[in-house]
Amino acid sequence: MESLIDGRCPWCGHDPLYTAYHDNEWGRPVADDRRLFEFLILESAQAGLSWITILRRRRGYREAFFGFDVERVAAMTEDDVVRLMSFDGIIRNRRKIQSAISNARRFLEVQREFGSFRNFILSFLPDGCPIVNHPKTIADIPASSPLSDAIAKDMKRRGFSFFGSTMCYSFLQAAGFIDDHLDGCRCKYLS
């Protein structure tokens with residue numbers, strides 16, 4: 001079995017921001033759509049970058065995207081894109097910023113159809129319940145799965161962008177729809 005670090009999954013190392021994220025958020029079920037929208041925006045922003053890079057800018061993303069108020073983000077315009085392109089608190093990538101706004105509009109459409117974004121995701125899960133995997137090592141954790149393939153494909157069909165299967169799998173882990181804490185991790189089964 002791969003060595004845990006201080007009883008935690010080894011991917012978080014010793015960085016206090018990363019360990020706090022691991023201990024308090026990653027793999028814990030999220031029921032609130034605002035938090036789910038936050039994870040959707042942050043995961044999409046991560047494309048091509050490390051997660052710690054995004055975590056270090058999380059406060060900036062909260063400021064830039066109105067505390068992840070999906071309706072306010074959906075109402076943003078090209079003027080907001082221009083403004084955010086010079087905002088230091090986020091990754092200043094025009095396509096990612098535009099995607100966040102477009103995805104907010106798609107998120108609202110999903111909420112209207114399913115009652116909540118959470119209900120939409122749960123509709124893909126066996127019996128509508130989170131999945132608990134039992135990885136022994138980091139190598140046992142996939143980058144994607146048939147589940148993330150199906151959700152990402154459906155989201156693409158609905159017009160979401162910057163959200164392929166790998167990003168979807170990370171989203172499912174972050175929001176607690178999939179628990180991939182290593183067996184023996186102090187956070188396993190806390191959800």
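Author: This is a predicted model, in which local features need pLDDT of at least 70 and side-chain atom pairs count only at pLDDT 80 or more, while totals for chains, interfaces and linings use all residues. Residues are numbered from 1 along each chain as its sequence is written, and side-chain values use heavy atoms, with hydrogens and water left out.

Reader: Where is Asp-180 found?

Author: Helices (H or I, at least four residues) and strands (E, at least two) are DSSP runs, numbered from the N terminus. Strand 2 covers 178-179, and Asp-180 belongs to the segment after strand 2.

Reader: Which side chain of opposite charge is nearest to Asp-180?

Author: Asp-180 is buried, a term that means under 20% relative accessible area, with exposed being over 50% and partly exposed in between (1.4 Å probe, protein chains only). Lys and Arg count as positive and Asp and Glu as negative, while His and the chain ends are not counted. A salt bridge requires a side-chain nitrogen of Lys or Arg within 4 Å of a carboxyl oxygen of Asp or Glu. Asp-180 has no salt bridge, and the nearest side chain of opposite charge, 6.0 Å away, is Lys-188.

Reader: Which side chain does a polar contact join to that of Asp-180?

Author: A polar contact is a pair of N or O atoms within 3.5 Å; within protein, one must be able to donate a hydrogen and the other to accept it, and residues adjacent in sequence count only if both atoms are side-chain atoms. At 2.9 Å, the partner of the Asp-180 side chain is that of Gln-173.

Reader: Is Gln-173 of helix 10 buried or exposed?

Author: Helix 10 comprises residues 165-174, and eight of its 10 residues are buried, so the helix is largely enclosed by the rest of the structure. The cover over its buried residues includes helix 1, helix 2, helix 8 (117-122), helix 9 (146-157) and strand 2, where contact means heavy atoms within 4.5 Å. Among the residues of helix 10, Gln-173 is buried.

Reader: Which residue caps the N-terminal end of helix 2?

Author: Just after helix 2, Gly-48 takes a positive phi of about 85°. At the N-terminal end, a side-chain oxygen lies 3.3 Å from the backbone nitrogen of Arg-34, and the capping residue is Asp-32.

Reader: With which residue does Arg-58 form a salt bridge?

Author: The closest N and O atoms of the Arg-58 pair are 2.8 Å apart, and the partner is Glu-38. Arg-58 lies in helix 4 (residues 58-64) and Glu-38 in helix 2, so the pair ties together parts that are 20 residues apart in sequence. Arg-58 counts as buried at 8% relative accessibility.

Reader: Is Asp-88 buried or exposed?

Author: Asp-88 and Arg-92 meet through their side chains in a salt bridge (3.0 Å, N to O). Arg-92 counts as partly exposed at 44% relative accessibility. With a relative accessible area of 60%, Asp-88 is exposed.

Reader: How many salt bridges does the structure hold?

Author: A network of salt bridges links Glu-25, Arg-35, Glu-38, Arg-58 and Arg-62. Another salt bridge joins Asp-23 and Arg-8, both of which are buried. The number in the structure is 17.
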